[in-house]
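Biologist: I would like to learn how to read a structure like this one. Please take me through it step by step.

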Amino acid sequence: MDASEEATRGLTDIEDFLYQQAHLQAAHQRVADFTAHAPGLTQQQKTDIERWYLQEQTYVARMVTEHITDSIGVVEEQHRVRVRRWLRGTLTAMTLIVVGLTGLCVVILQSTR
């Protein structure tokens with residue numbers, strides 16, 4: 001991998017990390033707002049709810065990411081199949097055209113003798 005590819009990958013990794021941290025920070029803020037408005041909870045209960053919610057959000061984000069990755073993989077495979085079929089059809093058509101034109105040229109050359 002050259003330096004440009006490493007830099008691109010590094011920037012993508014940083015972007016992914018920042019997105020994940022922003023998501024977790026927003027989730028933390030949501031659960032903190034929720035527990036602040038829930039009367040009668042002890043600090044330990046609030047902490048337990050926050051920990052559980054953040055773990056749940058991380059799990060959900062991972063599941064969504066895996067689903068998207070799987071969906072992209074399926075679409076990419078379908079695209080590869082379509083492109084292979086198109087290329088096979090194009091190759092077949094071009095072969096028939098070349099054979100036809102070669103035959104036509106042979107007929108024309110023989111008729112001019």
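This is a predicted model: local features need pLDDT of at least 70, side-chain atom pairs count only at pLDDT 80 or more; totals for chains, interfaces and linings use all residues.

Biologist: How are two packed helices described?

Modeller: Two packed helices are described by the angle between their axes and by the distance between those axes. Here the axes of helix 1 and helix 2 cross at roughly 145 degrees and come within 9 Å. The crossing of helix 1 past helix 2 is right-handed.

Biologist: Which residues of helix 1 and helix 2 meet?

Modeller: Helix 1 brings His23, Leu24, Ala27, His28, Arg30, Val31, Ala32 and Thr35. From helix 2 come Lys46, Ile49, Glu50, Tyr53, Leu54, Gln57, Thr58 and Ala61. Sorted by class, this contact has eight nonpolar, five polar and three charged residues.

Biologist: Let us take one residue from each side. Where is valine 31, and is valine 31 buried or exposed?

Modeller: Valine 31 is in helix 1, which covers residues 3-36. Its relative accessibility is 3%, and buried means under 20%, so valine 31 counts as buried.

Biologist: What is valine 31 in contact with, leaving aside its neighbours within four places in sequence?

Modeller: Those contacts are Ile49, Glu50 and Tyr53. Distance in sequence and distance in space are separate things to read. Valine 31 and leucine 54 are 23 residues apart in sequence, and their C-alpha atoms are 8.2 Å apart in space.

Biologist: And why does glutamine 57 count as buried?

Modeller: Glutamine 57 counts as buried because its relative accessibility is 15%, and the cut-off is under 20%. Glutamine 57 lies in helix 2, residues 43-111. Not counting residues up to four places away in sequence, glutamine 57 touches His23, Ala27 and Arg30.

Biologist: How much space lies in the largest pocket, and which residues are closest to its centre?

Modeller: The largest pocket holds about 380 Å³ of space. It is lined by 14 residues, and Tyr19, Thr58, Ala61, Arg62 and Thr65 are the closest to its centre. Helix 1 and helix 2 are the elements that give two or more residues to this lining.

Biologist: Which element gives the most to the lining of the largest pocket?

Modeller: Helix 2 does, with ten residues. By class, the lining of the largest pocket has six nonpolar, six polar and two charged residues.

Notes:
Residues are numbered from 1 along each chain as its sequence is written. Side-chain values use heavy atoms; hydrogens and water are left out. Helices (H or I, at least four residues) and strands (E, at least two) are DSSP runs, numbered from the N terminus. Buried means under 20% relative accessible area, exposed over 50%, partly exposed in between (1.4 Å probe, protein chains only). Contact means heavy atoms within 4.5 Å. On a 1 Å grid over the protein atoms alone, a cavity is a set of points where a 1.4 Å probe fits but cannot get out, and a pocket is an open set with protein on both sides within 12 Å along at least five of seven lines; lining residues have an atom within 4 Å of a point. Grid points are joined across faces, edges and corners, and a volume is the space filled by probe spheres set on the points. Ala, Val, Leu, Ile, Met, Phe, Trp, Tyr, Cys and Pro count as nonpolar, Asp, Glu, Lys and Arg as charged, and the others, Gly among them, as polar. Axes are lines fitted to C-alpha atoms, for helices over the stretch in contact, and angles run from 0 to 180 degrees between N-to-C directions. A crossing is left-handed if the near helix is turned anticlockwise from the far one by less than a right angle, and right-handed if clockwise.
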